[in-house]
Amino acid sequence: MQRPISVIITLLIISIASVVVALSVGSYTLSPDQLWMTLTGNGTPLEHTIVWELRAPRAYTAFITGALLSLAGALMQVLLRNPLAEPYILGVSGGASVLALLAMSAGLSTFWVSGSAFVGALISIVIVFGLSHASGNWNPSRLLLTGVVIAAGWAAVINFILSVSPEKPLRGMLFWLMGDLSHVTATPLGFAVLLVALIITFALARPLNILARGELQAQSLGIEVKPLRISLFLLSSLLTGVAVTMAGSVGFIGLVVPHMLRLVVGSDHRILLPTSVLAGGSLLMLSDVIARTLIAPQQLPVGVVTAIIGVPFFLYLLNRNYATRATQ
Amino acid sequence: MIRLQTHQLTISIANQTVCDKLDLCIESGQVWGLLGRNGAGKTTLLHALAGIREPDSGTIILNEKPLADLSRRQVAQQLGILLQQHEDSFPSSVIETVLSGRHPHIDRWSWEDENDQDKAAQALAEVELSDKAQRCLDQLSGGERQRVAIATLITQSPDIFLLDEPSTHLDLVYQIKLLNYFREQTIAHDKSVLMSLHDINLANQYCTHLLMLLDNGEVLTGTVAELLNTGTLELLYNVPFTRLQGENGDFFSPVTS
């Protein structure tokens with residue numbers, strides 16, 4: 001119990017530090033003093049605008065998106081009984097991307113692009129749900145195959161749209177596909193979704209621990225497996241849908257954050273889920289700082305950065321883990 | 001009291017009948033051995049009795065209530081099953097795994113308390129794995145993994161133990177120790193056991209009753225004294241058997257030509 005608590009406290013500190021960095025760093029960097037003055041309402045109008053209108057909404061959206069994706073990834077891995085599962089594997093982001101790209105090629109505003117993305121995510125969820133439900137079979141490998149094939153279908157449509165699209169919206173489309181936070185508007189909805197999801201997943205956490213031990217074992221320990229699988233599918237898909245709606249398909253976070261935390265805190269979902277939220281949120285927030293400063297004034301899509309800093313960190317953790325095991 | 005009862009239970013797998021209109025009655029204090037050839041449906045029958053597989057027809061009654069009317073959680077509080085296969089997709093420590101046996105007894109929002117921890121620690125001591133409590137499951141041998149599963153079941157502490165090949169991977173010493181443990185529980189705490197076994201002589205030594213799955217859904221049930229003889233064994237395994245006199249009872253051995 002000692003270790004998980006210290007990990008949670010560490011992650012809370014990292015999260016707060018990430019917020020400070022995200023608000024201070026950029027083309028106009030604020031000193032801690034300046035930031036404090038601005039936050040308490042004593043800064044210059046310019047600083048006020050930079051912090052409250054430019055950086056805070058991005059930091060907020062980055063945190064919520066990263067948190068939702070990590071949570072969805074952790075749930076998806078148990079649902080599919082596969083440590084390599086990630087939020088996009090069942091085609092949610094594919095459906096969202098297709099409709100978002102269509103909205104972009106029609107020249108619609110950011111608001112409509114987000115709206116279309118959410119509708120696309122829902123369509124994809126309904127298709128996969130319908131196919132699984134009709135077969136009456138919610139076993140992980142079947143669900144995985146259904147989702148992967150649907151995702152492949154969406155990918156083909158995405159490639160089709162990209163190939164026939166005129167030059168002008170193409171860059172925006174590619175950014176959206178890689179995950180982009182440069183056009184975000186902060187809505188309280190994301191926070192509400194995250195909060196509700198956290199409460200629900202906390203009630204599901206112990207059943208998830210049991211489900212991770214296999215379907216038969218879970219049943220024999222008192223879990224109603226099918227209703228749990230269905231709730232997991234709906235919950236993780238909806239969280240993914242909301243995340244994609246806010247920032248496009250930011251890759252890597254949903255696969256790697258839950259994994260990293262499994263290595264650090266173990267497989268107890270009561271610890272794993274809240275720590276994934278904190279770690280995923282912080283990672284995406286910091287990635288976004290790098291995305292907008294690395295080659296400033298030009299901005300990178302944040303999805304590129306998540307992978308660049310996530311891959312070495314993950315490999316380090318993985319190797320460290322094997323090393324400690326070998327010496328045991 | 002009657003722990004586990006079936007009325008007219010019919011189960012089949014892929015057109016093969018496992019049992020046809022089986023009436024079974026397992027009382028507290030009884031240890032039942034389940035014998036049958038490979039593929040006779042021992043596991044299928046155990047899964048059906050545990051409620052994790054739908055029977056074709058008939059009813060199963062658990063502690064005098066129909067199994068179909070109970071929630072999974074209520075079933076798990078009264079009946080535990082040792083599965084033959086263990087799926088370990090995610091890393092987990094030995095103690096976490098054993099503690100998972102308490103799940104049916106803990107409220108949704110509660111965490112395991114000291115009592116649960118104690119039960120898990122005792123179960124681990126029972127299978128002599130206390131020193132490996134913090135190990136990861138994938139660092140265990142097959143026999144140790146089986147003992148972790150048994151400890152999980154002990155931690156669950158149900159009234160009825162269904163054991164699917166409990167002696168798999170176990171050394172002779174542990175086989176005897178664990179069968180002793182389950183027999184003791186049955187007698188001292190009014191529990192019941194139904195276990196599939198390959199070793200007829202272990203069945204002879206530890207069981208009070210037997211359930212034999214023959215071909216075509218035919219089932220023999222009765223006490224060991226009634227049922228265990230060379231005649232039924234030949235019917236069951238389709239090889240000639242001989243009965244040998246031992247110091248503490250008889251032994252059965254297949255006759256090899």
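Hi everyone. Two residues are in contact here if their C-beta atoms, placed from the backbone, lie within 7 Å. This is a predicted model, where local features need pLDDT of at least 70, side-chain atom pairs count only at pLDDT 80 or more, and totals for chains, interfaces and linings use all residues. Residues are numbered from 1 along each chain as its sequence is written, while chains are lettered from A and ligands numbered from 1 in the order in which they are written.

Let's begin with the sheet in chain B. Helices (H or I, at least four residues) and strands (E, at least two) are DSSP runs, numbered from the N terminus. Six strands make an open sheet of mixed pairing, in the order β6-β7-β8-β3-β9-β10; two strands pair if DSSP finds at least two bridges between them. At the edges sit β6 and β10 (219–223) of chain B, each pairing on one side only. β6(B) and β7(B) (residues 160–164) run parallel, joined by 4 bridges, and B:I81 has B:L162 as its bridge partner in β7(B).

Now for the helices on that sheet. Angles run from 0 to 180 degrees between N-to-C directions, with axes being lines fitted to C-alpha atoms, for helices over the stretch in contact. Helix α5(B), residues 142–156, lies across β6 and β7 of chain B and runs at about 180° to β6(B). Helix α1(B), residues 42–50, lies across β3, β6, β7, β8 and β9 of chain B, at about 155° to β7(B).

Where do the chains meet? In chain B, 21 residues are in contact with 20 residues of chain A. On the chain B side, α2 (72–78) and β6 (79–82) are the elements that give two or more residues, and α2(B) has the largest share, 4 residues. By class, that side has 9 nonpolar, 7 polar and 5 charged residues. Here Ala, Val, Leu, Ile, Met, Phe, Trp, Tyr, Cys and Pro count as nonpolar, Asp, Glu, Lys and Arg as charged, and the others, Gly among them, as polar.

Last stop, chain A. Helices α8(A) (188–211) and α12(A) (269–293) pack at about 140°, their axes 8 Å apart. That makes α8(A) oblique to α12(A); angles under 35 degrees count as roughly parallel, over 145 as roughly antiparallel, 65 to 115 as roughly perpendicular and the rest as oblique. Among the residues meeting there are A:L198 and A:L208 from α8(A), and A:L273 and A:V277 from α12(A). This contact has 6 nonpolar, 3 polar and 2 charged residues. Finally, α10(A) is followed by A:G248, whose phi is positive, near 75°.
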